[in-house]
Amino acid sequence: MEQLGRYVADREHYFERPDFPLKIRYDLELGSEQGNHPVHVHEFTELAIVSAGSCLHQTDYGIHPLRAGDVFLVYPEQHHGFRDAKDLLMLNFIFNPQKLPLPYLDFGGHELAARLNKSIKNCTPEDALPFLHLDENRLAAIVAIAMRMREEEKERAPAFYFQTFAWFMQILVLLARSDCQVEARPARFLALPQILEQLEKNYRQPPDLALLARRSGMSQRNFFRRFREATGDTPYHYLKLIRLRHAADFLRHTDWTVEEIACRTGFGSGSALGVEFKRWYHRTPMDFRQSCGL
C-alpha cells in the first residue's frame, strides 16, 4: 500500500490470523547497499530490539542514533525509517495492543508499561527514543527466546499460537526487569532551511505543520514563532506564496487550464486559486497569462 511516496505496513500483510495480532520478525537485516530503509508508517505497534550493529532512526520527531541493545516502540500512524545502517540486525515484535489479550501489566511503574499504553496521539519527542539499553546477558537471553520462537513458527506444533504468546510475555517480563537506562544522545532535528526545503518540495500536499514542528524538535507554538522570526511570515502564508509562484510559472509555460493548475498547486479549485492569485498579482490568472503573450 502506497501513501505520498511512503509505503504503509498494513495489518493484513503481517498478521496471518485477525484473532491473533502478533508477529515476530527475526534478526531482520535492514537496508540496501547504502544502508537505508525507506520511511514508512504502521497500522500496528512494533516493539523493536537492536540485536547488532547501528543506524540512524528517522521519525516524525527527528533523527536519533541506535545501537545494539537499544529497545524502542513504534506506534500506529508514526512515520519512521532507517539510514546509515551498519551491520544492523533487529528483532521486531509486531502486535495490536488493543486486540492482543495482554494480562495486567504489574510492571511497578516501569517505563515499558507507560510506553505500551501510549498511542501516536499522546506521544512526545522522547517517545521516539529508546527507553531501554540491554546489557549483553539480557540481550542474549531475549535473542535466544526469539530463536526458539522462530523454530516454533517453522514446526507449527500443536499450541503454536499459545506458545508464541507465552514467549512474547516472557520477553516483556525480561524487559520489565531490566533497569539499564539509555544515556542521553543528541537528536538530529531538522533545521529551518530543511523545513523550508520540505515546504518547497511538498507544496502540493496539505500542510502538516504539527508534524514539521515535531521534526524541528519544538512545540507548535515555538515553531510558529521561530518561523516568523526567520522568514517574517507565517508557515501558512509562506506556503501560499510558494503555491502562487508555481501557479504563475505554469500559467507562463503550459497550456493547462486554471482548474488543472489549481489542482496541481494545492489550491483545490480554480475559484480558490483565482481569489488568491488576484490578491497577490492584482489580476486574474487568465489576464496574467495573456500579459505573458500566451
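Predicted model: local features only at pLDDT ≥ 70, side-chain atom pairs only at ≥ 80, totals over all residues.
**Exercise 1.** Determine how strand β5 is joined to strand β6.

*Solution.* 
Step 1. Strand β6 consists of residues 62–67, and six bridges join it to β5.
Step 2. The two strands run antiparallel.
Step 3. With two residues between them, β5 and β6 form a hairpin.
Step 4. Thr59 stands opposite Gly62 of β6.

**Exercise 2.** Decide whether Arg115 is buried or exposed, and identify the contacts of Arg115.

*Solution.* 
Step 1. Arg115 is part of helix α2, residues 111–116.
Step 2. Its relative accessibility is 5%, so Arg115 counts as buried.
Step 3. Beyond four places in sequence, Arg115 touches Leu73, Tyr75, Glu126, Asp127, Leu129 and Phe131.
Step 4. For Leu129, a polar atom of the Arg115 side chain lies 3.3 Å from the backbone oxygen.

**Exercise 3.** Classify the orientation of two helix pairs: α3 with α4, and α7 with α8.

*Solution.* 
Step 1. Recall the description: two packed helices are described by the angle between their axes and the distance between the axes.
Step 2. For α3 (residues 136–155) and α4 (residues 160–176), the axes come within 10 Å and cross at roughly 170°. Because angles over 145 degrees count as roughly antiparallel, α3 is roughly antiparallel to α4.
Step 3. Residues of α3 in this contact include Ile142, Ile145 and Met149, and those of α4 include Trp167, Phe168 and Ile171. By class, the contact of α3 with α4 has 10 nonpolar, three polar and four charged residues.
Step 4. For α7 (residues 220–231) and α8 (residues 235–253), the axes come within 9 Å and cross at roughly 50°. The helices α7 and α8 are therefore oblique to each other.
Step 5. Phe223, Phe224, Phe227 and Thr231 of α7 meet Pro235, Tyr236 and Tyr238 of α8. The contact of α7 with α8 divides into six nonpolar residues, one polar residue and no charged residues.

Methods. Residues numbered from 1 in each chain as written. Heavy atoms only, no water. Helix = DSSP H or I, 4+ residues; strand = E, 2+ residues; numbered from the N terminus. Buried < 20%, exposed > 50% of the residue type's maximum accessible area, 1.4 Å probe, protein only. Polar contact = N/O pair within 3.5 Å; in protein donor to acceptor, adjacent residues only side chain to side chain. Contact = heavy atoms within 4.5 Å. Pairing = 2+ DSSP bridges. Axes fitted to C-alpha atoms, helices over the stretch in contact; angles between N-to-C directions. Parallel < 35°, antiparallel > 145°, perpendicular 65-115°, else oblique. Nonpolar A, V, L, I, M, F, W, Y, C, P; charged D, E, K, R; others polar.
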